[in-house]
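These entries record what I looked up in the structure. I began with the helices and then turned to the loops.

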Amino acid sequence: MNQTSTSTLAQPSSLLRFLAIAGPGLVVMLADTDAGSVITAAQSGAQWGYQLLLMQALLIPILFIVQELTVRLGVVTGKGHGDLIRHHFGRVWAWVSVGTLLLACVGALLTEMSGLAGVGLMYGIPAWATLTATVVGLSVMAYTGSYNSVERIAILLGSFELVFVLVAYYAHPDTSAMLAGLSKMPLHDSGYLYLVAANIGAVIMPWMVFYQQSAVVEKKLGVRDLRSARWDTAMGAVLTQVIMAAVLVVTAATLGRNGSHAPLDTIQEIAGALTPYLGKQVGQLMFGVGMVGAALVAAIVVTLTAARALGEITGYRHTLEHSPRQAPWFYAVYTAVLIVSAMIVSGGINMVALNIGVQVMNALLLPVVLGFLYLLARRLPEPYRLKGVYAGGVALLMALTIGLGLYSGIMGIFTS
């Protein structure tokens, strides 16, 4: 083979092409570490120290596999996830899948809004004011932007989540305690199982599958872009779990040293876990920046996903390349979902309990989400079809993930 024709990311031309293609994977992975995920990781560290840290690493390969199949479906077929389900399995099953998606989207958006409201309350800003500004800002962004501009805004906002990695560094966790925690998994405890399910649901979410597939289609990526899109997804999968692990480490290090393993009941208490290392003002500021970035990028992704998915099975125009006048239903659904979620959260709810409960719900929805994904990947044309030994391995890994999510969620709910 002529080595000058070999494409690698190290070559300037390949790097430039990768940078042009990258985006959907990074955006969806930054959105994966949303307000609910941050709160779940913080609660995990607060209650169980480092005993849920290993799970953050174990979830990286299944997260990549799931989203890589999503990318493969998008670049090969040029269709969104809901559209493909309708094409292969009929309108009824498409509505079942999208119904599951919408449930997950509304739940996720409630967690983003509650996270933003909680940060506002730390600084004395009423929840209604924070949520009103959020709805207006996100609506203006969608109404006036293209896909590429929205993608850049989402990456910028999501980059603020890296503050949690910095905080974990300053926490100076006890290495011996961390290693000891990695070897302990008290699966007999219902409280532990509930957080196992929450962590699974915080990493593998229904709306991620729909969003990334629609995003690669809207960005007009083709099969020649598949390799770069896979790298985009792989780097995002590692990054999101590093952030999750960092949040867990901070609260485990802080509360573990204090000898406390009580649950965190408010956003303010989670922010308070940072103060021993950074001081109250700096700690709150860094937590607020990270939480706002996590919540906003996820709110963008989740709201667009809901509006797109409905369009895929009802037939209305559902991309940002169309103006509000050209795609009124798309923008109407986008705005309505934001407003309804903001109204529910402003009514006053237990923000921490809501966030963790939504992640458990995501884990319970995995059979529908991963089932359709696997079946669709098996129907792709050659040579992109999921087949052979790899297909068997993917099926086994998905089955184990679904089984653990269902078992942990059900046991955690009914035996606690």
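I took helices (H or I, at least four residues) and strands (E, at least two) as DSSP runs, numbered from the N terminus. The model is predicted, so I note that local features need pLDDT of at least 70, that side-chain atom pairs count only at pLDDT 80 or more, and that totals for chains, interfaces and linings use all residues. Residues are numbered from 1 along each chain as its sequence is written, and side-chain values use heavy atoms, with hydrogens and water left out.

Entry 1: I call a residue buried under 20% relative accessible area, exposed over 50% and partly exposed in between (1.4 Å probe, protein chains only). Twelve of the 13 residues of α12 are buried, so the helix is largely enclosed by the rest of the structure. Among them are Trp207, Phe210, Tyr211 and Glu218. Lys220 follows α12 and lies in the loop between α12 and α13. Its phi is positive, about 65°, although Lys220 is not a glycine. Lys220 is exposed, at a relative accessible area of 62%.

Entry 2: helix α9. I listed Val163, Phe164, Val167, Ala168 and Ala171 as the buried residues of α9 (residues 163-171). They cover an arc of only 140° around the axis, which puts them on the same side of α9; the arc is that of the directions from the helix axis to the C-beta atoms. Just after α9, His172 has a positive phi of about 50°.

Entry 3: the pair α6 and α16. I found α6 (residues 91-122) packed on α16 (residues 280-314) at about 155°, with the axes 8 Å apart. Axes are lines fitted to C-alpha atoms, for helices over the stretch in contact, and angles run from 0 to 180 degrees between N-to-C directions. That angle makes α6 roughly antiparallel to α16 (over 145 degrees). The contact residues divide into 24 nonpolar, six polar and two charged; Ala, Val, Leu, Ile, Met, Phe, Trp, Tyr, Cys and Pro count as nonpolar, Asp, Glu, Lys and Arg as charged, and the others, Gly among them, as polar.

Entry 4: single sites. I placed Ala252 in helix α13 (residues 226-257), where Ala252 counts as buried at 4% relative accessibility. Its C-alpha lies 8.0 Å from that of Ala42, 210 residues apart along the chain. I also noted a cis peptide bond between Glu382 and Pro383, with omega about 0°. Pro383 is in the loop between α19 (366-377) and α20 (388-414).

Terms used. Angles under 35 degrees count as roughly parallel, over 145 as roughly antiparallel, 65 to 115 as roughly perpendicular and the rest as oblique.
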